[in-house]
Amino acid sequence: MKKEREMRRLFEAIARLSADDGFTRFQNESSHDFYQALGQGYSCNDNEVALVQRLVDAANGKLYGPIQLHANMLHGSRSYVEFNYMDKPVTKELGDMAIISIVTKGSERLFQRLCIIQNKKTNGKSWSIDQEQLFLLKNFPPFSGNKGIFKHCRDVLFRNSSGCLGAFGLMNSPGEMLFASAPLVAELQCGKKSLSMSDISIPMDLLNESRNCSAVHFPFLPGMHRMHPEEWFCFLEDIAHNFGALFGGAGIFGTRFLGACRFSRDVHDWTRNWTQLNVGEITYAYDTVTNAPVDAFANALMQSAGFADVFDIPPSNQFAEMHFEHQMAVFAMRFDVSDFEG
């Protein structure tokens, strides 16, 4: 069965990568470069856009073996969407950064994730969080384009199954960034309109959930359940026995591979999670589009950002009318498992 073969190839590639000291060094060196970029930006008193541009410059073109980082800043006006916040229509910015993770076999796409991030720079000792935008990134109610990226789109519906399609990048001096999913930000705020460093403590139920994630997490295996029950059980037993220690569940920390990271306290932790396929909503896995509108949006972003040579990006019928007159940073990490064949 093709899906079973391809999934096992991914697990085998990750097993080899996880034992590769060169990959760990690549993660550390990338983190160092991101820290330098943010530190230089803070020393120049850059705003959020300029800080993100520095991250784009630091990330673009990095590579190690099967791992390649691509980044580009799409210039133009900010993107605003209209939606209902509780009982009233509002217009807010969707986000200023998109983080995409892709697994390929050569030019063939096997797996993909997307996270839409709004970056915030501290105002003194706290981050000001717009409650209407938080509502958007947490709940993703149906929205329509007002200006920028979705200008000609109406009644767009993004499904946030992972709880991490929307998130915040919380930047602070002298050059640091915390990553938190929108639902977690809402939990930490407790109804306030700002968030301080002292507010950032993890609820005990989420902490226990993270600590208990020792089993292999399988939301990324759509369609595999169509196997004969005995074959399905044997496949899961084989994967858990041979590769289970490498994979985290849906815990907040996501320090293993293919988990669901909802929180990273620093740039180093975030870099590790991104390069270990832990960040964002799963949109595609092994011949199955798991979240069609979000997948189409991610592909349209990559096409606009000039990443067409990363893999065979499928055309987007849903966003064929999309005009990329907007300002958003697009980061894409490609992990090509064909480098591990044989």
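In the predicted model, the charged end of Arg 109 is placed over the ring of Tyr 284, at 3.8 Å from the ring centre. A second contact of this kind involves Lys 121, whose charged end sits over the ring of Tyr 42 at 5.0 Å from its centre.

Interactions between aromatic rings were considered next. A pair of aromatic rings is described by the distance of the centres and the angle of the planes. The count of aromatic pairs comes to seven. One of these is formed by Phe 26 and Tyr 64, with 6.2 Å from centre to centre and 25° between the planes; since planes under 30 degrees apart count as stacked, the pair is assigned to that class. Phe 26 belongs to helix 2 (residues 21–43) and Tyr 64 to strand 1 (residues 63–64), so that the pair ties together parts that are 38 residues apart in sequence. The two partners are also described by their accessibility: Phe 26 counts as buried, at 7% relative accessibility, whereas Tyr 64 is partly exposed, with a relative accessible area of 25%.

Another ring pair is that of Phe 140 and Phe 158, in which the centres are 6.1 Å apart and the planes stand at 40°, so the pair is tilted. Phe 140 lies in the loop between helix 4 (131–139) and strand 8 (144–147), while Phe 158 lies in the loop between strand 8 and strand 9 (166–172), and the pair therefore ties together parts that are 18 residues apart in sequence. Phe 140 is buried, with a relative accessible area of 2%, and Phe 158 likewise counts as buried, at 2% relative accessibility. Both rings belong to a cluster in which ring pairs link Phe 140, Phe 143, Phe 158 and Phe 297.

Most residues other than glycine have a negative phi, and most peptide bonds are trans. Against this background, Phe 140 has a positive phi of about 45° although it is not a glycine. Met 86, also not a glycine, has a positive phi of about 55°. The latter residue, Met 86, is found in the loop between strand 3 (80–85) and strand 4 (88–93), and is exposed, with a relative accessible area of 65%.

Strand pairing was examined around strand 2. Strand 2 (residues 67–74) is mostly covered, with six of its eight residues buried. Strand 1, which holds Tyr 64, pairs with strand 2 in the antiparallel sense over two bridges, and Leu 63 stands opposite Gln 68 of strand 2. These two strands, strand 1 and strand 2, form a hairpin with two residues between them, and Gly 65 in the turn has a positive phi of about 55°.

Helix packing is illustrated by helix 2, which carries Phe 26. The axes of helix 2 and helix 8 (residues 267–275) come within 9 Å and cross at roughly 130°. Angles from 65 to 115 degrees would count as roughly perpendicular and those over 145 as roughly antiparallel, and helix 2 and helix 8 are therefore oblique to each other. The crossing of helix 2 and helix 8 is right-handed.

Thr 288 has its place in strand 14 (residues 288–289) and counts as buried, at 17% relative accessibility. The C-alpha atoms of Thr 288 and Leu 110 are separated by 9.0 Å, although these residues are 178 residues apart along the chain.

Notes: Residues are numbered from 1 along each chain as its sequence is written. This is a predicted model: local features need pLDDT of at least 70, side-chain atom pairs count only at pLDDT 80 or more; totals for chains, interfaces and linings use all residues. Side-chain values use heavy atoms; hydrogens and water are left out. Rings of Phe, Tyr and Trp (its six-membered ring) pair if their centres lie within 6.5 Å; planes under 30 degrees apart count as stacked, over 60 as edge-to-face and the rest as tilted. Helices (H or I, at least four residues) and strands (E, at least two) are DSSP runs, numbered from the N terminus. Buried means under 20% relative accessible area, exposed over 50%, partly exposed in between (1.4 Å probe, protein chains only). A charge sits over a ring if NZ of Lys or CZ of Arg is within 6 Å of the ring centre and within 35 degrees of the ring normal. Two strands pair if DSSP finds at least two bridges between them. Axes are lines fitted to C-alpha atoms, for helices over the stretch in contact, and angles run from 0 to 180 degrees between N-to-C directions. Angles under 35 degrees count as roughly parallel, over 145 as roughly antiparallel, 65 to 115 as roughly perpendicular and the rest as oblique. A crossing is left-handed if the near helix is turned anticlockwise from the far one by less than a right angle, and right-handed if clockwise.
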